[in-house]
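Biologist: Thanks for joining me! Could we go through this chain together, one question at a time?

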Amino acid sequence: MYEYELSQLRSAELRRQAQQERLAREAVRGRRAARREAAGHETEGEVHTGLSRRLRFLRAA
């Protein structure tokens with residue numbers, strides 16, 4: 001009986017932990033979406049290309 005109760009406690013703890021991790025991932029996704037939306041509404045004249053960032057530092061020989 002004692003082992004069964006320990007198993008039930010562990011199972012409940014794992015469920016709580018999984019729920020907290022799901023909520024944390026959801027919060028991160030929400031913040032990312034808000035940042036993307038805010039960035040889309042900022043100045044539209046500013047253009048960023050990956051090329052300028054890539055060429056900023058040249059490889060060493």
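This is a predicted model: local features need pLDDT of at least 70, side-chain atom pairs count only at pLDDT 80 or more; totals for chains, interfaces and linings use all residues.

**Around the salt bridge**

Biologist: Which residue forms a salt bridge with R16?

Modeller: In general, side chains of opposite charge can pair when their charged atoms come close. Here the closest N and O atoms of the pair are 3.0 Å apart, and the cut-off for a salt bridge is 4 Å. The partner of R16 is E13.

Biologist: How are E13 and R16 placed in helix 1, in helical turns?

Modeller: Both residues belong to helix 1, and they are three residues apart there. E13 is partly exposed, with a relative accessible area of 37%. Because of their spacing of three residues in the helix, E13 and R16 are separated by about one helical turn.

Biologist: How many salt bridges does a search of the whole structure find?

Modeller: The search covers the whole structure. E13 and R16 form a salt bridge, and the total found is one.

**Surface patches**

Biologist: Is L6 buried, partly exposed or exposed?

Modeller: L6 sits in helix 1, which covers residues 2-40. Together with Y2 and L9, L6 forms a nonpolar surface patch of about 360 Å² accessible area. Buried would need under 20% and exposed over 50%; at 40% relative accessibility, L6 is therefore partly exposed.

Biologist: Which charge does the surface patch with R31 carry?

Modeller: R31 lies in helix 1 and is partly exposed, at 48% relative accessibility. The patch is formed by R22, R25, R29, R31, R32, R35 and R36. Arg counts as positive, so the patch is positive.

**The chain as a whole**

Biologist: What percentage of the 61 residues is buried?

Modeller: The chain has two helices and zero strands. Its accessible surface comes to about 6400 Å², with 54% belonging to carbon and sulfur atoms. Of the 61 residues, the buried share is 0%.

Notes: Residues are numbered from 1 along each chain as its sequence is written. Side-chain values use heavy atoms; hydrogens and water are left out. Helices (H or I, at least four residues) and strands (E, at least two) are DSSP runs, numbered from the N terminus. Buried means under 20% relative accessible area, exposed over 50%, partly exposed in between (1.4 Å probe, protein chains only). Accessible areas come from the Shrake-Rupley method with a 1.4 Å probe; for residues, only the protein chains shown count as cover. Patches are made of residues with over 30% relative accessible area and no salt bridge: like charges are joined within 9 Å, nonpolar side chains (Val, Leu, Ile, Met, Phe, Trp, Tyr) within 5 Å. A salt bridge is a side-chain nitrogen of Lys or Arg within 4 Å of a carboxyl oxygen of Asp or Glu. The place of a charge is taken as NZ of Lys, CZ of Arg, CG of Asp or CD of Glu.
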